[in-house]
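Hello,

Here is the structure I promised to pass on. Please open it alongside this note.

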Amino acid sequence: MTDEVCYERRGAIALVTMNRPRYRNAQNSAMTYALDAAFTRAVDDDGVKVIVLAGSGDHFSAGHDIGTPERDVDTAFPRQATLWWDHTTKSGADRRYSREQEVYLGMCRRWREMPKPVVAQVQGACVAGGLMLAWVCDLIVAADDAFFADPVLRMGIPGVEYFAHPWVLGPRFAREVLFTGERFGALRAYEIGMVNRVVPRAELEQTTLALAERIAGMPAFGLALAKRAINQCEDQMGMRAGMESVFGLHHLAHAHNVEVSEDSLAGLDPAAMKRAAT
Ligand code: ZN
């Protein structure tokens, strides 16, 4: 396993941990593909019944890597989520669309469809691309210090690539989260049904593992079918089609940014995003 992601088997549970704590587990492509490899390993291991997704350090994930020294948006990886062509040989909107379809939207959809239940263990920041990862998990256990936000409207972008907002937040609160870009805490997330448990930070791991253990007592195929049932119904509620249509708007925003500012993120780096948030 690579440095970006740690994999540990504890009985019937596979613990997959994002491991870039220095950068608040910002997701570069190396991490995305390491996560994919870890999930594949967990699915292929018949002894694993439930997967826990965690982040090392004080934060679950601050989002996609938009400015660490290991940012690797120009690197080609063997594609797993789509058969769209390699982005590194393309330019303009073609390049961005190819990459984000594979690395962001495609990967998240692929992970959501794993046949084993996944429980997210969330502390600290769970922001933008971090939200995408938590949302593809079946259950979310949050520490009381967890906070959530999708602030990309500051870049002129109408939400992150995996646009589950109206389904997981409800349309009214989704508008508030997008329009203000403000953080909301674990209790608010619990009240609206976005997370399953809120516990003191010191009890986060223990509570998550206990929940995973309980689920692991169920028959594997039954769990896979129940997961599929919920996913299918969510999609019948329009999530997949909605997300597909909004991905086009997301890329319209990226392209507009390139036309009127210095780059597809409207020239905002992590420091500028942080300044805007305070
Ligand atoms: Zn994007």
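Predicted model: local features only at pLDDT ≥ 70, side-chain atom pairs only at ≥ 80, totals over all residues.

Residues are numbered from 1 along each chain as its sequence is written, and side-chain values use heavy atoms, without hydrogens or water.

**Zinc site.** Glu100, Glu161, His250 and His254 coordinate the zinc ion at 2.1 to 2.3 Å. Donors are N, O and S atoms within 2.8 Å of the metal (3.2 Å for Na, K and Ca); water is not among the atoms, so sites may look incomplete. Along the chain the donors are spaced E-x60-E-x88-H-x3-H. His250 and His254 are four residues apart in helix 9 (residues 239–260), so about one helical turn separates them. Helices are DSSP runs (H or I, at least four residues), numbered from the N terminus. Both histidines are buried. Buried means under 20% relative accessible area, exposed over 50%, and partly exposed in between (1.4 Å probe, protein chains only).

**Aromatic pairs.** Rings of Phe, Tyr and Trp (its six-membered ring) pair if their centres lie within 6.5 Å; planes under 30 degrees apart are stacked, over 60 edge-to-face, the rest tilted. The count is seven aromatic pairs. Tyr97 and Phe247 form a tilted one, with 5.3 Å between centres and 50 degrees between planes. Tyr97 lies in helix 2 (residues 92–112) and Phe247 in helix 9, so the pair ties together parts 150 residues apart in sequence. Tyr97 is partly exposed at 26%; Phe247 is buried at 1%.

Best wishes

Terms used
Helix = DSSP H or I, 4+ residues; strand = E, 2+ residues; numbered from the N terminus.
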